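Please look through the sequence and the model shown here before reading the report that follows.

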Amino acid sequence: MYDLTVIIPTFKEESNIATIIRAVEEVFSRNGINGEILVVDDNSPDQTIERVRELQKTRPNLSLVVRTEDPGLSQSVVEGFRRAQSDIFLVIDADLSHPPEHIPLMIAGIQAGNDIVIGSRYMEGGGIKRWPLKRRIISLGATFLGRLLFPEIHDPVSGFFAVKKSVVEHAPLRPRGYKILLEVLGKGTWHTAKEIPFEFVDRAAGSSKLGIRTITEYAGQVIDNARFSWNHHESVVWQEWVKLFRFGAVGLSGIVVNEGILIYLRGYEQFSLPVASIVAIELSILSNFILNDTWTFRTEHQHAMPHWWQRLVSFQVVSIGGAVINFAILNVLALYAGADYRIANILGIVVAFAWNFLVNRRVTWKKSGQIVPDRRK
Ligand SMILES: Nc1nc2c(ncn2[C@@H]2O[C@H](COP(=O)(O)OP(=O)(O)OP(=O)(O)O)[C@@H](O)[C@H]2O)c(=O)[nH]1
Ligand SMILES: [Mg+2]
């Protein structure tokens, strides 16, 4: 039994495999980690397998799995999950794109109570070195799609991550393509995730295998995970949909409040229409805030804005932004583009709703970085 299993998926990595194994080993010995290294290879036609066999002679904690069926990066990682002899799994590329020096930090994140720790390229402090524009664009597209499912995670498609065994042990993973992390996030059993920024370095040696098929496979995987959540209400994706639905319901209730107060105030002669309207709008913003704060975003974790009045100010500002967006879209489309004002207004409402949800989700009711013990477990 080991404390940690480092899983290295490989295909044609003869020029990198020895270096990465030695680097991981170095991290183990420097940090007193009792770890195993598990290379999962898809029967590479080059010297990868021979190189690993050679290194195995002096290393009892180095294992090799050679797969001969259903090749694929994700499938190989899942095979690694099955063969691992520890309770913490860490996946790292063989081509030295992921810095092994980050391993102790990631393991500390798991030991601090996180179910998943992700090496993140897309957060402050992270980045990508030496990548052509085309790769960057494809990767940003993939990340954007992934964030629709996991808005709190900056890099849901990173290939560098650590998970507790319990996350994937009983998960009905359908591995395919490149983005195994998305599958783990979508179908694994987890509550808390943490990201650690790192700088991705493009491979210096060996060849890339990214192709058009990778992209279509990924799109299919995103859809599959969205569908999965429909039948698995404990999944993190489903919980996100619930928030979106509640936020929409609160918005509808705000329309009722707004209209009701407007009609009520107009019953008194002394209120002019502009005054009555401003009061009605403001009160509907307040009632929306109360409902969102106590219902939509009621959670067991701590908010990054700990005081309700901070969240109220934030919500108020975002709401004004939403109103401006609605107003601008309606007027620009109707007055300058000749659109039907009713359709232009609906479009304005939809965009403003998306703005309100996304910004409030990310700012007003953002989770604090602090980890609060999960009472559901
Ligand atoms: N077992 C297995 N490993 C694979 C397969 N494809 C890629 N890998 C390994 O998975 C890791 C990531 O693959 P890369 O080809 O580096 O993917 P990338 O980083 O997105 O692209 P490049 O670095 O530009 O090639 C590397 O360690 C590869 O050797 C595969 O089909 N099977
Ligand atoms: Mg690579």
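## A pair of strands to begin with

How many bridges join strand S4 to strand S7, and do these strands run parallel or antiparallel? Strand S4, which covers residues 88-91, is joined by 4 bridges to strand S7, which covers residues 161-164, and the two run antiparallel. Within this pairing, Ile88 stands opposite Lys164, a residue of S7.

## How far the model can be read

The pLDDT of the protein averages 91, and 96% of the residues score at least 70. Over residues 370-377, however, the pLDDT is below 50, although this stretch has 14 contacts in the model beyond near neighbours in sequence. Where pLDDT is low, the predicted coordinates should not be read in detail.

## The sheet

Strands S4 and S7 belong to an open sheet of 7 strands, in which the order is S3-S2-S1-S4-S7-S5-S8 and the pairing is mixed. Because S3 and strand S8 (193-197) stand at the edges, each with a single partner strand, one side of each is left without a neighbour in the sheet. From one strand to the next, the twist averages 20°. Strands of a sheet pair through backbone hydrogen bonds, either parallel or antiparallel.

A parallel pair is found where strand S2 (residues 35-41) is joined to strand S3 (residues 62-66) by 5 bridges, and here Val40 stands opposite Val65 in S3. To pass from S2 to S3, the chain goes through helix H2 (residues 48-56), and the β-α-β crossover made in this way is right-handed.

## Helices across the sheet

Helix H4, made of residues 103-111, lies across strand S1 (4-10), S4, strand S5 (116-120), S7 and S8, and runs at about 150° to S5. Helix H7, made of residues 180-187, lies across S5 and S7, and its direction is also at about 150° to S5.

## Two helices packed together

Helix H5 (residues 133-149) packs with helix H8 (residues 212-231) at an angle of about 5°, and their axes are 10 Å apart. Since angles under 35 degrees count as roughly parallel, H5 is described as roughly parallel to H8.

On the side of H5, the residues that meet H8 are Ile138, Ala142, Leu145, Gly146 and Leu149, while H8 brings Ile215, Tyr218, Val222, Asn225 and Ala226 to the contact. Sorted by kind, the residues of this contact of H5 with H8 divide into 8 nonpolar and 2 polar, with no charged residue.

Notes:
Residues numbered from 1 in each chain as written. Chains lettered and ligands numbered in written order. Predicted model: local features only at pLDDT ≥ 70, side-chain atom pairs only at ≥ 80, totals over all residues. Heavy atoms only, no water. Axes fitted to C-alpha atoms, helices over the stretch in contact; angles between N-to-C directions. Parallel < 35°, antiparallel > 145°, perpendicular 65-115°, else oblique. Contact = heavy atoms within 4.5 Å. Nonpolar A, V, L, I, M, F, W, Y, C, P; charged D, E, K, R; others polar. Pairing = 2+ DSSP bridges. Right-handed = clockwise from strand over helix to strand, strands pointing away. pLDDT = per-residue confidence, 0-100.
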